[in-house]
Amino acid sequence: MDHVPTDLLLMLFADARLPVAGHTQSAGLEAAVQHGLTSAEVPAYMSARLATTVRVEAGTAVVALHRLDHELPLEPVVAAWAARTPSHALRRTSRAQGRAMNRLSASLWADGAAVRRVARLDGCPRPVALAGAAAAAGLDALSLARLVGYDDVQTVASASLKLLPLDPAAATGWVHDALPEVAAAAEDVAGLTDPRDIPATAAPQTEVWAQAHARSTRRLFSA
Amino acid sequence: MPDPSPTRGLRLGVCGPVGTGKSSLIALLCRELAGRMSLAVVTNDIYTDEDARFLRASGVLTPERIRAVETGACPHTAIRDDITANLLTVEELEEEFAPDLVLIESGGDNLTATFSPALVDTQVFVLDIAGGGDVARKGGPGIERADLLVVNKTDLAPHVGVDRDRMVADAEAARDGRSVIALSRTDRASVDALTAWVTAEVARHRAGELVPTDPGPMAAHSHDHPAA
């Protein structure tokens with residue numbers, strides 16, 4: 001394959017128009033709002049996720065990418081991710097998103113060995129599916145970690161426009177202001193190679209809300 | 001393009017505006033067809049599983065054959081632009097139950113929402129007589145070009161001051177010969193016409209003769225192209 005510049009690959013992956021059912025996700029914001037989170041608190045919510053769940057996700061993605069590049073088993077990565085994601089509802093959602101990503105990857109990189117390897121996993125979570133796509137596309141670890149962080153923040157922002165309607169320029173301002181934190185979180189995990197080193201920074205409140213959300217009958221978003 | 005392979009069952013979409021009777025039509029089809037073929041249902045609703053619960057409560061299918069897809073308040077996107085969540089759910093049901101027919105109900109949207117032919121093999125657009133006699137005449141992609149147009153709740157016509165025959169005639173005129181069924185749950189002949197249409201679509205699919213077509217959100221394209 002001809003070399004594709006990293007920034008163009010990131011644009012492709014981070015685009016909300018990527019057909020991976022991104023519109024069904026709120027990165028936990030719907031559950032948080034149902035439990036009283038206000039519009040003014042959304043930037044703090046983004047920061048809290050960047051300090052916790054995003055590090056688990058991004059750490060899982062870069063370790064999976066390393067192991068794909070070195071042909072090491074992926075099962076320990078999935079196990080480490082599951083141990084750091086106590087909510088069954090969040091694990092199930094991540095696996096559904098992983099299937100959606102793998103479906104796209106199978107179409108874009110049909111010959112990619114990494115894509116086939118992650119698709120064969122039993123219950124491939126989203127960060128591992130992203131790692132498979134990154135390996136096939138030629139995206140480096142730091143870029144992959146940034147992608148995970150950026151996507152989380154942007155998912156919160158776009159869901160906020162449905163849940164807590166406001167001037168969309170304000171929501172984009174939140175994303176812009178969170179970029180240095182996204183960069184810092186990505187730097188922190190980009191060098192990880194061992195599943196044991198994936199940050200164990202789940203956010204218990206987010207997990208509890210996610211469990212309650214999965215049982216609610218009047219939700220707009222999957223999670 | 002979807003593979004119209006007879007190795008999987010027919011995927012039938014049901015769309016149309018809110019309140020026209022999509023869920024009831026699916027419940028009716030399940031009751032009528034469950035004895036003859038294996039069925040599964042996917043719902044897309046504003047709030048997750050309202051329609052799925054309605055169908056489960058109606059007892060027409062076992063609950064595990066009825067799945068709800070969240071649309072993030074984007075029912076149109078979920079059946080048209082990014083159909084991934086629906087496709088994954090349909091494939092899951094096909095893998096588990098190998099149904100002859102999967103019915104996919106859109107979230108009640110507007111007159112412009114139709115299914116992508118990459119998601120469904122054939123689609124029904126549902127209007128109801130109480131929505132007003134002029135709706136069929138106004139047209140739109142689903143009304144004009146869905147594989148079947150159902151004008152539902154015809155028994156209400158005298159109560160809402162709509163001329164049923166006129167509305168059906170308008171619909172037929174807008175559809176250029178495509179099928180129209182004037183449906184009422186209390187009119188046995190109309191129910192039989194609906195099940196016969198669905199059964200025939202299943203047979204066409206099995207025979208490999210059904211090619212999914214897009215009703216489009218755009219108006220039909222009908223000008224002369226200049227010679228190249």
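**Strand β2 of chain B and its surroundings in a predicted two-chain model**

In chain B, strand β2 runs parallel to strand β4 (residues 101-105), and the two are joined by five bridges. The model described here is a predicted one.

Strand β2(B) belongs to an open sheet of seven strands in chain B, in which the order is β3-β2-β4-β1-β5-β6-β7 and the pairing is parallel. The edges of this sheet are formed by β3 and β7 (179-182) of chain B, each of which has a single partner strand, so that one side of each is left without a neighbour in the sheet. On average, and with direction ignored, neighbouring strands of the sheet are turned by 20° against each other.

Helices of chain B lie across this sheet. Helix α4 (residues 84-97) of chain B lies across β1 (10-15), β2, β3 and β4 of chain B, and its direction is at about 160° to that of β2(B). Helix α8 (residues 164-175) of chain B, in turn, lies across β6 (148-152) and β7 of chain B, running at about 165° to β7(B).

In chain B, helix α1 (residues 22-33) and helix α2 (residues 50-58) pack at an angle of about 35°, and their axes are 10 Å apart; the crossing of α1(B) and α2(B) is right-handed. On the α1(B) side the contact is made by B:S23, B:I26 and B:A27, which meet B:D51, B:F54, B:L55 and B:S58 in α2(B). Sorted by class, the residues in the contact of α1(B) with α2(B) are four nonpolar, two polar and one charged. Helix α1 of chain B also contains B:R31, which counts as partly exposed because it has 15 C-beta neighbours inside 10 Å. The C-alpha atom of B:R31 is separated by 8.3 Å from that of B:L61, although the two residues are 30 residues apart along the chain.

In chain A, helix α4 (residues 53-69) packs against helix α9 (residues 141-163) at an angle of about 150°, with a separation of 9 Å between their axes. This angle makes α4(A) roughly antiparallel to α9(A), and α4(A) passes α9(A) in a right-handed crossing. The residues of α4(A) that take part are A:V54, A:E57, A:A58, A:A61, A:V62, A:L65 and A:H66, and they meet A:A141, A:L144, A:A145, A:V148, A:G149 and A:D152 in α9(A). By class, nine nonpolar, two polar and two charged residues make up the contact of α4(A) with α9(A).

Most residues other than glycine have a negative phi. In A:A27, however, phi is positive, near 50°; this residue lies in the loop between α1 (6-14) and α2 (29-34) of chain A, and A:A27 counts as buried because it has 25 C-beta neighbours inside 10 Å. Phi is likewise positive in B:A73, near 65°. The place of B:A73 is in the loop between β3 and α3 (75-80) of chain B, and with 20 C-beta neighbours inside 10 Å, B:A73 counts as buried, since the criterion is 20 or more.

Between the two chains, 17 residues of chain A are in contact with 13 residues of chain B. On the chain A side, helix α6 (residues 88-108) supplies the largest share of the residues that touch chain B, namely four. By class, this side of chain A has seven nonpolar, five polar and five charged residues.

Conventions: Residues are numbered from 1 along each chain as its sequence is written. Chains are lettered from A and ligands numbered from 1 in the order in which they are written. This is a predicted model: local features need pLDDT of at least 70, side-chain atom pairs count only at pLDDT 80 or more; totals for chains, interfaces and linings use all residues. Axes are lines fitted to C-alpha atoms, for helices over the stretch in contact, and angles run from 0 to 180 degrees between N-to-C directions. Angles under 35 degrees count as roughly parallel, over 145 as roughly antiparallel, 65 to 115 as roughly perpendicular and the rest as oblique. A crossing is left-handed if the near helix is turned anticlockwise from the far one by less than a right angle, and right-handed if clockwise. Two residues are in contact if their C-beta atoms, placed from the backbone, lie within 7 Å. Ala, Val, Leu, Ile, Met, Phe, Trp, Tyr, Cys and Pro count as nonpolar, Asp, Glu, Lys and Arg as charged, and the others, Gly among them, as polar. Two strands pair if DSSP finds at least two bridges between them. A residue is buried if 20 or more other C-beta atoms lie within 10 Å of its own, exposed if 12 or fewer, and partly exposed in between; C-beta atoms are placed from the backbone.
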